[in-house]
Structure formats: C-alpha cells, structure tokens
Amino acid sequence: MKKIKSILRFLFSTRFLGLIVVVFISFIVLSNLIIVLSSHRWLYDDIHSISPSKTAVVLGTSRFIKGGGPNLYFHYRISAAAELYHAGKVQYLIVSGDNRTVQYNEPEQMRRELLKYGVPDSIIYLDYAGLRTLDSMVRAREIFGQESFIVVSQKFHNQRAVFLARAHGIEARGFNAADVEVRRGIRTQTREIFARVKAVMDLATGKQPRHLGDEVIIGRDRGR
C-alpha cells in the first residue's frame with residue numbers, strides 16, 4: 001500500500017508533470033525537424049527549376065476566411081497550379097479537398113477558380129475525399145493511379161505533404177505557392193506545428209485514408 005501511495009505521489013508531483021511537459025515539447029520539436037529536413041530537397045519555389053510531371057495535386061482549403069473575406073492561401077494555390085499548367089509542367093490537375101456537405105465543396109471551388117485562370121476543364125479531376133493531407137496523398141496513388149506527382153500548396157504545407165507522400169513510397173515534389181504575410185497567417189502557421197506532430201503519429205500508427213473508392217484513370221475518359 002505504501003508503494004502505491006509513493007507511486008501516486010510521484011505521478012502527481014511537479015517533477016513528473018515537468019518531465020511530461022519536456023517530453024511533449026521535445027516530441028513537437030522533433031516532429032517538425034523530421035518533416036522539414038526530410039522534405040527540403042523536394043521543394044521548389046522557381047517554376048523553371050522543377051521538372052515536368054504528368055499530374056499535380058492541388059491541396060484544398062476554403063475559398064473564404066471566417067467573416068467572408070478572400071482566403072489568400074486558396075487564391076495563391078490556384079495561381080500556382082495554373083502557372084504550372086500554362087508553363088507546360090503538368091498535363092493534369094487533381095484538386096483534392098473536403099466536400100463534407102452540399103454547401104461546402106473545396107474541389108468544386110478550386111475547379112471554378114482554375115477555369116478563370118484559363119485552365120481547361122478537361123484536364124481537371126476532382127477528389128472529393130481529400131479530408132486530410134494524408135488522404136490527398138495516398139488517394140492520388142490508390143484512386144488516381146499516380147505514383148509520382150507535384151504537390152501544390154504553401155511551403156509549410158508542402159513540407160508535410162511531401163513527407164507523408166514519400167513515407168508512403170510516392171515520388172512527390174512540392175511547388176510552393178506564394179505564402180501569406182506572417183501577421184495574417186499566424187493562426188494557420190501555429191496549427192501547422194501540431195499538424196506535423198499528428199502526421200508523424202499517423203505514420204507511426206499506419207493511419208490510412210478515411211475513404212477510398214473506385215479507380216479513376218487519368219486521361220482515359222478525356223480523350224488523351
């Protein structure tokens with residue numbers, strides 16, 4: 001009984017709680033370092049430096065921020081994806097995002113915006129089940145048959161996406177869209193720190209996409 005009381009006192013002691021905090025912070029730092037260091041050689045800011053690929057996967061986000069204003073993350077990703085296509089770097093675009101309700105449809109929002117940039121509808125494929133970055137990466141291979149592709153998002157997001165893709169044996173490279181100034185993007189950047197921890201944990205536990213489905217052959221049904 002005394003031993004049990006001693007253990008309980010230790011578990012609730014300041015020293016033990018301090019140890020937990022140190023381990024937690026260390027894991028956050030380590031997770032972020034792993035993702036940054038393992039992905040940096042596969043990221044590109046200059047469109048002339050990135051080699052062509054059949055397909056690019058454009059990662060989704062809402063078109064609008066809370067309050068109704070434009071989401072610059074969204075618009076910069078669309079601009080970067082259109083730039084890739086018009087530069088002849090990709091033949092097809094997979095727009096992958098959340099379609100949790102009829103009223104919220106990221107892939108359709110991306111498709112409509114790409115059309116405004118002169119991207120043909122015939123080369124755009126919609127992935128409605130890109131609920132998370134992991135899902136978008138794995139589904140690009142399992143559903144759309146792409147073993148190699150370019151990921152389009154901001155650099156901080158591409159780091160995580162490329163890390164996850166390559167950890168699953170996919171030859172992904174990231175084309176970095178313009179970022180949002182620090183003051184306006186601080187909340188997103190803070191969330192990303194913990195999203196990277198989740199990414200490492202998902203990889204360690206063998207997490208898989210929530211939804212798979214029927215195979216889609218890129219180009220077959222579009223006359224190419």
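Read from the N terminus, the protein chain has the element order α-α-β-β-α-β-α-β-α-β-α-β-α. That makes seven helices and six strands, where helices (H or I, at least four residues) and strands (E, at least two) are DSSP runs numbered from the N terminus. The model is predicted, so local features need pLDDT of at least 70 and side-chain atom pairs count only at pLDDT 80 or more, while totals for chains, interfaces and linings use all residues. Residues are numbered from 1 along each chain as its sequence is written, and side-chain values use heavy atoms, with hydrogens and water left out.

**Chain totals**

- Of the 224 residues in the protein chain, 46% are buried; buried means under 20% relative accessible area, exposed over 50%, and partly exposed in between (1.4 Å probe, protein chains only).
- Among contacts in the protein chain with a separation of 6 or more, 75% are between residues 24 or more positions apart; a contact means heavy atoms within 4.5 Å.

- The six strands form an open sheet in the order β1-β6-β5-β2-β3-β4, with parallel pairing; two strands pair if DSSP finds at least two bridges between them.
- β1 (43–44) and β4 are the edge strands, each with a single partner strand, so one side of each has no neighbour in the sheet.
- Helix α3 packs on the sheet and touches β2, β3, β5 (148–154) and β6 (171–177). The direction of α3 makes about 145° with that of β5; axes are lines fitted to C-alpha atoms, for helices over the stretch in contact, and angles run from 0 to 180 degrees between N-to-C directions.
- Helix α5 (residues 133–142) also packs on the sheet, in its case touching β2, β3, β4 and β5, and its direction makes about 160° with that of β2.

**Strand β3 and its partners**

- Strand β3 (residues 90–96) is mostly covered, with six of its seven residues buried.
- On one side, β3 runs parallel to strand β2 (residues 53–59), and six bridges join the two. V58 has V95 in β3 as its bridge partner.
- The chain passes from β2 through helix α3 (residues 72–86) to β3 in a right-handed β-α-β crossover; right-handed means that, with the strands pointing away from the viewer, the path from the first strand over the helix to the second runs clockwise.
- Four bridges join β3 to strand β4 (residues 124–127), again in parallel, and I94 stands opposite Y125 in β4.
- A right-handed β-α-β unit is also made by β3, helix α4 (residues 106–116) and β4.

**Helix α6**

- Helix α6 (residues 155–167) has 13 residues, which at 1.5 Å a residue should span 18 Å, and its end C-alpha atoms are 18 Å apart, in agreement; the expected span is 1.5 Å times one less than the number of residues.
- α6 is mostly covered, with 10 of its 13 residues buried. Among the buried residues of α6 are F156, H157, N158, F163 and L164.
- G169 follows α6 and has a positive phi, near 80°.

**Individual residues**

- H75 lies in helix α3 and is buried, with a relative accessible area of 18%. Leaving out residues up to four places away in sequence, H75 touches R63, P70, E113 and Y117.
- F64 sits in the loop between β2 and α3 and is partly exposed at 42% relative accessible area. Apart from neighbours within four places in sequence, F64 is in contact with G69, P70 and N71.
- The C-alpha atoms of F64 and H75 are separated by 9.6 Å, the two residues being 11 residues apart along the chain.
- N176, in strand β6, counts as buried at 8% relative accessibility. Not counting residues up to four places away in sequence, N176 touches L43, Y44, D45, S153, Q154, K155 and N158.
- N176 and A81 are 95 residues apart along the chain, and their C-alpha atoms are separated by 9.7 Å.
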